[in-house]
Amino acid sequence: MNRQDSAGITQSHSATHGHRMVLPVEGKAWDELEELMSDARSHDARRREGRMFMSCNLAGEDVAEVAQRAYLMFFFENAFLPGAYPSIAKFETEVVAMTASLLRGDEAVGTVTTGGTEGIFLAMKAARDQARHERGVKTPEIVVPRTAYPAFVKAAHYLGFRIVRTTVDSDFKADLSALESAITKNTVLIAGSAPGLSHGVVDPIAEMAAIAAARGINFHVDAGLGGYQLAFLRKLGYPVTDYDFSVPGVTSITADLHKYAYTALGASTILYRNPDLHKYQAWELTDWAMGTHRSRNMLGTHAGGAVASAWAVMQYLGEDGYLRLTKSLRETTHRFIDGINSIPELQVWGKPEMSVFAFGSPTRDIFAIGQLMTERGWYIGRQQMEPPSIHLNVTPVHERVVDEYLGDLRECVKLVATGQPHRR
Ligand SMILES: *Cc1c(COP(=O)(O)O)cnc(C)c1O
């Protein structure tokens, strides 16, 4: 079995192969559709009950309702056409401005995108085109630590980059000397994570950015996961590795709204320290039949609802709301971490800085433990990177399940420890 598959992400797609279907001859009424669709979702992960620990950020029913209502208000508006919809343009400008202030970028400019993946594409595209134009680099290269999000590898493939993935230390942080020796005259971008999804560990951003700056290379911070949460943790006075524009040498940052800013899916941000690099993000075709076709980001038509939803949730929560949520999320996370570390067979790996972390076992088969947890209805991530681990993405909705989860975990560890039969 491919261990990465155990998360259930990749298998789900196989269902679309070879499935034949035609349109119903006659349309169905909404009541019937609603029933069919409710049935269809009956086996989906139970995110609302706090059973799901992957890629799902719920801040509570009130926030979800604001996100949903705002999205529905702008359901048919196309965010590709800000000229037609000054409302969407205003929301985008203000979301970027609020984010710039959280990321301490006085002159920062940027764009609302559809997700961290699009942001990573754009950061690489801008760096590539700037280096091509200003330094004559024809065969661009990017250097990232091995723990960087797969979208860097994907974008390298699409955009014609050579990508070098360097080693990390025993705490899962970028190894600076490996990074330094991977740089060549074609390196146009170096990136680090704040934090990486796999272990919730923040790379040594200041040191990495200094290495890049000393060579005139752009440096991108992938704060897709942590951009917002880390900003609020810092404001609350918790220790946070610096990762934003206050760090010299950081030239661009991506931060996902649809993760720990708790907005509707399909919204993220990319910010640049100043307009010099940002201008290389856009693309245009001047001789098209309908006039100049210009796009500030990668996609054409995309949902205005996602932008409206992001604006509305940020305005609804305000700094106060985010600080309150972040503080209680921090407490919930540490109940998990302390509880796991108090089980003698288990250990949290590295030094996670926010609500995402991985744990394993020096003495037991962690995947066997994971399998027993899955059988008890916990939808958890698994990681093949050595040492193997179970991955938890803790969100506010998990506050009420901590004790139940830890109770199940203690029992599952015992079952595996005493040699009970188990399946992989
Ligand atoms: C989720 C994530 C991304 C990609 O974001 P999408 O919004 O899913 O495209 C990038 N980097 C990190 C660290 C992430 O956790």
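Predicted model: local features only at pLDDT ≥ 70, side-chain atom pairs only at ≥ 80, totals over all residues.

Q: What makes up the lining of the second largest cavity by class?
A: The lining of the second largest cavity has two nonpolar, four polar and two charged residues. The residues concerned are Gln229, Leu233, Arg330, Thr333, His334, Glu353, Met354 and Ser355.

Q: Which elements give two or more residues to the lining of the second largest cavity?
A: They are helix 9 (227-235) and helix 11 (304-341). The largest share, three residues, comes from helix 11.

Q: How many cavities of 30 Å³ or more are there?
A: The count comes to two. Five polar residues, two nonpolar and one charged line the largest cavity; among its lining residues are Phe172, His199 and Asp203.

Q: Why are helix 12 and helix 13 called oblique to each other?
A: Helix 12 (residues 366-375) and helix 13 (residues 402-417) pack at an angle of about 130 degrees. Angles of 65 to 115 degrees count as roughly perpendicular and those over 145 as roughly antiparallel; the helices are therefore oblique to each other. Their axes lie 9 Å apart, and the crossing is right-handed.

Q: What makes the contact of helix 12 with helix 13, by residue class?
A: The contact has 10 nonpolar, no polar and one charged residues. Helix 12 contributes Ala368, Ile369, Leu372 and Met373, and the residues from helix 13 include Tyr405, Asp408 and Leu409. Because Asp counts as charged, Asp408 is assigned to the charged class.

Notes:
Residues numbered from 1 in each chain as written. Heavy atoms only, no water. Axes fitted to C-alpha atoms, helices over the stretch in contact; angles between N-to-C directions. Helix = DSSP H or I, 4+ residues; strand = E, 2+ residues; numbered from the N terminus. Parallel < 35°, antiparallel > 145°, perpendicular 65-115°, else oblique. Left-handed = near helix turned anticlockwise from the far one by under 90°. Contact = heavy atoms within 4.5 Å. 1 Å grid on protein atoms, 1.4 Å probe; cavity = no way out; pocket = protein on both sides within 12 Å on 5 of 7 lines; lining within 4 Å. Points joined across faces, edges and corners; volume = space filled by probe spheres on them.
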